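The following exercises are to be worked with the sequence and the coordinates at hand. Each task is followed by a solution in steps.

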Amino acid sequence: MIDLQVPDKTHDEARQGEALILDTPVKADARKLYIESYGCAMNFADSEIVASILSETGFETTGDYHQADVIFINTCSIRENAETRVRNRLSQFGVEKRRNPKLIVGVLGCMAERLKSKFLEEERLVDVVVGPDAYRDLPNLIEQVESGHKAVNVLLSREETYADISPVRLNSNGITAFISITRGCNNMCSFCVVPFTRGRERSRDAHSIIEEAKALFEAGYREVTLLGQNVDSYTWASEDGTETVNFAQLLAQTALVSPDLRVRFSTSHPKDITDEVLHTIAKYDNICNYIHLPVQSGNTRVLELMNRTYTREWYINRIDAIRNIIPGCAISTDIIAGFCTETEEEHEETLSMMDYVQYDFAYNFTYSERPGTLAARKLEDDIPEEVKKRRLAEILAKQQAHSLMRLQEWVGKTVRVLIEGTSKKSDLDYCGRGDNGAMAIFPAIEGVKPGEYANVFIEKCTSATLIGRIVS
């Protein structure tokens, strides 16, 4: 499948458990922070905010938790395996805490908000539990622990956007960066815990977003991704009521920072994506022709049970609009196999939706009941695991065929690629992404370096990667 690695609410498996490190001069007396992240792109972006807040109080990051004074795990509650990983990791940190009793161990993020009591009562080694809206309070909470108390702050906010905090860019390639534009979510999808762990949706000051984009471009970055649980519902109004900005307008303002700054965004919601947004993408060459539009199911009854608030027909209408307004636009999606009461006929409708759209990429999962969600409270998880797995296998097989077909369409064409660095397999090759987000690999040549754009003629492809060479 295509290695899009789109930065959205879905999990980039290659980054799970990544220790984030800031490249700064080491001070002999600095306290060491080790922060490990799990889950979605929002969590990784939040870890950068945490590092920024604590750097102001004298902390430096480290990639070795054995050297740390404070260990934080930034957690996710969307998928069960993420929680399992975090609990296993905590037990490993417990060994280090027994060796160094002064070590502070904390849990941040969505699991912190949902499982605060369990972490403090059952996981005895956890000293600090902090929800996604309380990161400003971290210096105070660390002081509480040092004075001999457990510390917790999982209060959700209707105002917090961290708009005034310039995130520390951790483990950055210096070329691509996330910019958070919203926090929280107002969509009460029955399978999702995000509204309960991240609170209600609020949009960040548009001026602070554009200033961050300008600062990143001036620092050498050449691609930004506007990030939110539902970017299409972004709406900001000035306090005096003289200015309002919707998502289409924000996209345009970001694109105008520089024609050399590539703009991506994630994630869109089918009920909210407008023709105005699509026309804005079509208008600006530096807004990528790529949209992540989760469908979850191709059947209207199942979509209603999921509380997705659109029908099969509405989703097809939005796909048709994308095809008409932005010809050649890459589209990816999320699909859940085996949601509560899903019949074989309804599963077939999901497969037929895949045939209709022919997605460039899809994140596919079996349904996993998450405690506290509407589905967990009201619906029976009644599809046997073997049926879920078989349906998922059918979805995966179909998507692999579509992904390969989409990549093959680029063979024999020239793609403008932003070079992100050297290939993982060979220092003699560069890697980078085209407008559609697909990864391309091509030989490095003298005079062209990462952070620059190059025209790459695509000679062949695998099921995951475009392969070519730089042309003038």
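**Exercise 1. The N-terminal end of helix 8**

Task: Identify the residue that caps the N-terminal end of helix 8, and state which atoms are involved.

Solution. The model is a predicted one. Step one: the capping residue is asparagine 246. Step two: a side-chain oxygen of asparagine 246 lies 3.2 Å from the backbone nitrogen of alanine 248.

**Exercise 2. The surroundings of helix 8**

Task: Determine how many residues of helix 8 are buried, and list the elements against which these residues pack.

Solution. Step one: helix 8 spans residues 247-255, and seven of its nine residues are buried, so by the cut-off of under 20% relative accessible area the helix is mostly covered. Step two: the buried set consists of Phe247, Ala248, Leu250, Leu251, Ala252, Thr254 and Ala255. Step three: these side of the helix contacts involve two helices, helix 7 (206-218) and helix 9 (275-283). The buried residues also pack against strand 11 (223-227), strand 13 (244-246) and strand 14 (262-266).

**Exercise 3. Strand 4 and its partners**

Task: Describe the burial of strand 4 and its pairing with strand 2 and strand 5.

Solution. Step one: six of the six residues in strand 4 are buried. Step two: sort them by direction; Val70, Phe72 and Asn74 point one way, whereas Ile71, Ile73 and Thr75 point the other way, and both sets are buried. Step three: strand 2 (residues 31-37) runs parallel to strand 4 and is joined to it by five bridges. Within this pairing, serine 37 stands opposite asparagine 74. Step four: strand 5 (residues 104-109) is also parallel to strand 4, with six bridges between them. Here isoleucine 73 has valine 107 as its bridge partner.

**Exercise 4. The annotated cysteines**

Task: Which residues does the UniProt annotation "binding site" cover, and are Cys76 and Cys110 buried or exposed?

Solution. Step one: the unreviewed UniProt entry places the annotation on Cys40, Cys76 and Cys110. Although these positions are spread over 71 residues of sequence, they cluster in space, with a largest C-alpha distance of 10.7 Å. Step two: cysteine 76 is located in the loop between strand 4 (70-75) and helix 2 (80-99). Its relative accessible area is 2%, under the cut-off of 20%, and therefore cysteine 76 is buried. Step three: cysteine 110 belongs to helix 3 (residues 110-114). With a relative accessible area of 6%, cysteine 110 is likewise under 20% and therefore buried.

Key:
Residues are numbered from 1 along each chain as its sequence is written. This is a predicted model: local features need pLDDT of at least 70, side-chain atom pairs count only at pLDDT 80 or more; totals for chains, interfaces and linings use all residues. Side-chain values use heavy atoms; hydrogens and water are left out. Buried means under 20% relative accessible area, exposed over 50%, partly exposed in between (1.4 Å probe, protein chains only). Helices (H or I, at least four residues) and strands (E, at least two) are DSSP runs, numbered from the N terminus. Contact means heavy atoms within 4.5 Å. A polar contact is a pair of N or O atoms within 3.5 Å; within protein, one must be able to donate a hydrogen and the other to accept it, and residues adjacent in sequence count only if both atoms are side-chain atoms. UniProt positions are given in the numbering used here, feature names are shortened, and annotations may be inferred rather than shown by experiment. Two strands pair if DSSP finds at least two bridges between them.
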